[in-house]
Amino acid sequence: MICVICKHGTSVDGEVTVTLYRGSTVVVIKSVPAMVCENCGEYYLNEKIFRRVYEIAEEAYPKGLEVEIVRYAA
């Protein structure tokens with residue numbers, strides 16, 4: 001797939017760190033499977049992985065922590 005951001009690179013399988021913010025909480029999810037542009041590093045998550053990332057974030061926010069760092073698990 002040609003990257004929609006840089007229009008030059010192609011996306012390959014890889015892993016990324018996703019950082020999400022809500023209010024004063026930051027959730028960092030490491031080792032998330034993604035398609036990553038070889039040129040600019042932009043990443044794309046498929047729907048299943050996106051939904052899991054969202055679930056992980058929703059579980060972290062109610063804890064009231066300022067920063068939550070977790071490793072992705074399907």
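**Close-up views of a predicted model**

**View 1. Thr10 and its surroundings.** The side chains of Thr10 and Glu38 are joined by a polar contact of 2.9 Å. The model shown here and in the views below is predicted. Thr10 belongs to the segment that precedes β1. Its relative accessible area is 33%, so Thr10 is partly exposed. Beyond four places in sequence, Thr10 touches Met1, Ile2, Val36, Cys37 and Glu38. Of these, Cys37 lies 27 residues from Thr10 along the chain, yet the two C-alpha atoms are 5.4 Å apart in space.

**View 2. Ser11 in strand β1.** Ser11 is located in strand β1. With a relative accessibility of 9%, Ser11 counts as buried, because the limit for this class is under 20%. When neighbours within four places in sequence are left aside, its contacts are Met1, Met35, Val36, Cys37 and Tyr44.

**View 3. Strand pairing around β2.** Strands β1 and β2 run antiparallel and are joined by 11 bridges. Within this pair, Gly14 stands opposite Ala34 of β2. The two strands form a hairpin with 2 residues between them, and Gly23 in the turn has a positive phi of about 55 degrees. Strand β2 also pairs with β3 (residues 43–44), again antiparallel, through 2 bridges. Here Val36 stands opposite Tyr43 in β3. The hairpin of β2 and β3 has 5 residues between the strands, and Gly41 in this hairpin takes a positive phi near 90 degrees. With β4, by contrast, β2 pairs in the parallel sense over 5 bridges. Val26 stands opposite Val67 in β4.

**View 4. The largest nonpolar core.** In soluble globular proteins, nonpolar side chains tend to be buried together. The largest nonpolar core of this model contains 14 residues, and those with the most contacts inside it are Val16, Ile29, Val32, Val53 and Tyr72. Two or more residues of this core come from each of β1 (11–22), β2 (25–37) and α1 (47–60). Which residues does Ile29 touch, not counting those up to four places away in sequence? They are Val16, Thr17, Val18, Leu20, Val53, Ile56, Val70 and Tyr72.

**View 5. Tyr61 in a loop.** Tyr61 lies in the loop between α1 and β4 (67–71). Is Tyr61 buried or exposed? Its relative accessibility is 12%, so Tyr61 counts as buried. Apart from neighbours within four places in sequence, Tyr61 is in contact with Leu20, Tyr21, Arg22, Thr25 and Val27. The C-alpha atom of Tyr61 is separated by 33 Å from that of Cys6, a residue 55 positions away along the chain.

**View 6. Salt bridges.** Side chains of opposite charge can pair when their charged atoms come close. The structure holds 5 salt bridges. One of them joins Glu58 and Arg22, whose closest N and O atoms are 2.6 Å apart. This pair links distant parts of the chain, since Glu58 is in helix α1 and Arg22 in strand β1, 36 residues apart. Glu58 is partly exposed at 29% relative accessibility, and Arg22 is partly exposed at 40%. Another salt bridge connects the side chains of Lys63 and Glu68, with an N to O distance of 2.9 Å. Glu68 counts as buried because its relative accessibility is 11%. Arg52 forms a salt bridge with Glu59, their closest N and O atoms being 3.8 Å apart. Through salt bridges that share partners, Arg52, Glu55 and Glu59 are joined into one network.

Terms used:
Residues numbered from 1 in each chain as written. Predicted model: local features only at pLDDT ≥ 70, side-chain atom pairs only at ≥ 80, totals over all residues. Heavy atoms only, no water. Core = buried A, V, L, I, M, F, W, Y, C linked by side-chain atoms within 4.5 Å. Buried < 20%, exposed > 50% of the residue type's maximum accessible area, 1.4 Å probe, protein only. Helix = DSSP H or I, 4+ residues; strand = E, 2+ residues; numbered from the N terminus. Contact = heavy atoms within 4.5 Å. Pairing = 2+ DSSP bridges. Polar contact = N/O pair within 3.5 Å; in protein donor to acceptor, adjacent residues only side chain to side chain. Salt bridge = Lys/Arg side-chain N within 4 Å of Asp/Glu carboxyl O.
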